[in-house]
Amino acid sequence: MPVKITETVEEYLECIYRLQEKEKVARTSSIIRSLKVAPGTVTNTIERLEREGFVKHVSYRGVMLTDKGRMIALQVVRRHRLSERLLTDILKMNWTSVHEDACRLEHSLSENVVDHLERTLNYPKTCPHGNPIPTKQGRILEEKTLPLLSLTIGKQGIIAKLVEEDASTLAYFWNLGIVPGTVVEVLEKPRQDELVKIRIGKDRHAVSHRLASIVHIREVGRR
């Protein structure tokens, strides 16, 4: 019997998609951390998803979505990011706190509601955190961006997106002014276990390498 596309199936496929975007493959340990479920549960669910053709397990590497699994994941991501736009643009909720509410909404919106929502929002290209909203056909129209850490010291970039969206991280970035559309300059890039020093406007900040890796920029002058 085919697997019903339940909320759990959607959560796993979306999680694997997000991890693949960052790491090329989704390691089981990363899935466990992201979903906060027991290792045995993750192993059993991945085996079931593989039997149904949603994912492929690559020995000693991790899990990758098949075309079938990727299409479902993109539909979930689309609903999630449009939900975030609804919460910020229409309901005027705080930019830092909409991710969790959107996680709940993404599983309950019908395709018809999503189409109307997209039209009402005037077809936004990105979520409030700068990440691209997949099209109805499952395409990602993403501009070219670079990791903040790739900037040469003394060079500036425009913050394009934040690739992690948990509330505490977003609140931290918000307080520092690290938001899409803001100009940022890298002042100092020390060893990986030390802080990266940046400038936002007239303010200087020091952030960890891990947090700096979440920030992606586009070069000044690019559209």
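Start by selecting tyrosine 60, which lies in the loop between β1 (55-58) and β2 (62-65). Helices and strands here are DSSP runs, numbered from the N terminus: helices are H or I with at least four residues, strands are E with at least two. As you click around, keep in mind that this is a predicted model in which local features need pLDDT of at least 70 and side-chain atom pairs count only at pLDDT 80 or more, while totals for chains, interfaces and linings use all residues. Residues are numbered from 1 along each chain as its sequence is written, and side-chain values use heavy atoms, with hydrogens and water left out.

**Stop 1: two positive phi angles**

Stay on tyrosine 60 and check the backbone: phi is positive, about 65°, although this residue is not a glycine. Tyrosine 60 has 88% relative accessibility, so it counts as exposed. For accessibility, buried means under 20% relative accessible area, exposed over 50%, and partly exposed in between, using a 1.4 Å probe and protein chains only.

Now select lysine 36, in the loop between α2 and α3 (39-51). Lysine 36 is another non-glycine residue with a positive phi, of about 55°. With a relative accessible area of 72%, lysine 36 is exposed.

**Stop 2: a charge over a ring**

Show the side chains of lysine 68 and phenylalanine 54. The charged end of lysine 68 sits over the phenylalanine 54 ring, 4.7 Å from the ring centre. The criterion is that NZ of Lys or CZ of Arg is within 6 Å of the ring centre and within 35 degrees of the ring normal.

**Stop 3: aromatic pairs**

Rings of Phe, Tyr and Trp (its six-membered ring) pair if their centres lie within 6.5 Å; planes under 30 degrees apart are stacked, over 60 edge-to-face, and the rest tilted. This rule gives two aromatic pairs. Begin with tryptophan 95 and tryptophan 174: their ring centres are 5.3 Å apart and their planes stand at 40°, so the pair is tilted. The two belong to distant parts of the chain, 79 residues apart, with tryptophan 95 in the loop between α4 (67-90) and α5 (98-105) and tryptophan 174 in helix α7 (residues 167-176). Tryptophan 95 is buried at 11% relative accessibility, whereas tryptophan 174 is partly exposed at 45%.

Next, select tyrosine 172 and phenylalanine 173. Their ring centres are 6.2 Å apart with planes at 50°, so this pair is tilted too. Tyrosine 172 is partly exposed at 32% relative accessibility, and phenylalanine 173 is buried at 1%.

While you are in helix α7, select serine 168. At 56% relative accessibility, serine 168 is exposed. Draw a C-alpha to C-alpha distance from serine 168 to threonine 96: the two are 7.9 Å apart in space and 72 residues apart in sequence.

**Stop 4: along helix α4**

Select arginine 78, in helix α4. Buried or exposed? At 4% relative accessibility, arginine 78 is buried. Beyond its neighbours within four places in sequence, arginine 78 is in contact (heavy atoms within 4.5 Å) with residues including Val114, Asp115, Glu118 and Thr135. Its C-alpha is 9.3 Å from that of cysteine 127, 49 residues away along the chain.

Threonine 135 is buried at 17% relative accessibility, and it touches Arg78 and Leu141, not counting residues up to four places away in sequence.

Return to helix α4 for histidine 80, buried at 0% relative accessible area. Leaving aside neighbours within four places in sequence, the contacts of histidine 80 include Glu14, Arg18, His99 and Glu165.

**Stop 5: the largest pocket**

Rolling a probe the size of a water molecule over the atoms shows where empty space is left. The largest pocket holds about 1300 Å³ of space. Of its 37 lining residues, select the closest to its centre: Arg18, Lys22, Ser34, Val163 and Glu164. A pocket is an open set of points, on a 1 Å grid over the protein atoms alone, where a 1.4 Å probe fits, with protein on both sides within 12 Å along at least five of seven lines; lining residues have an atom within 4 Å of a point. Grid points are joined across faces, edges and corners, and the volume is the space filled by probe spheres set on them.

Which helix gives the most to the lining of the largest pocket? It is α1, with 10 residues. Colour α1 (7-23), α2 (28-35) and α5, each of which supplies at least two lining residues. By type, the lining divides into 19 charged, nine polar and nine nonpolar residues. Here Ala, Val, Leu, Ile, Met, Phe, Trp, Tyr, Cys and Pro count as nonpolar, Asp, Glu, Lys and Arg as charged, and the others, Gly among them, as polar.
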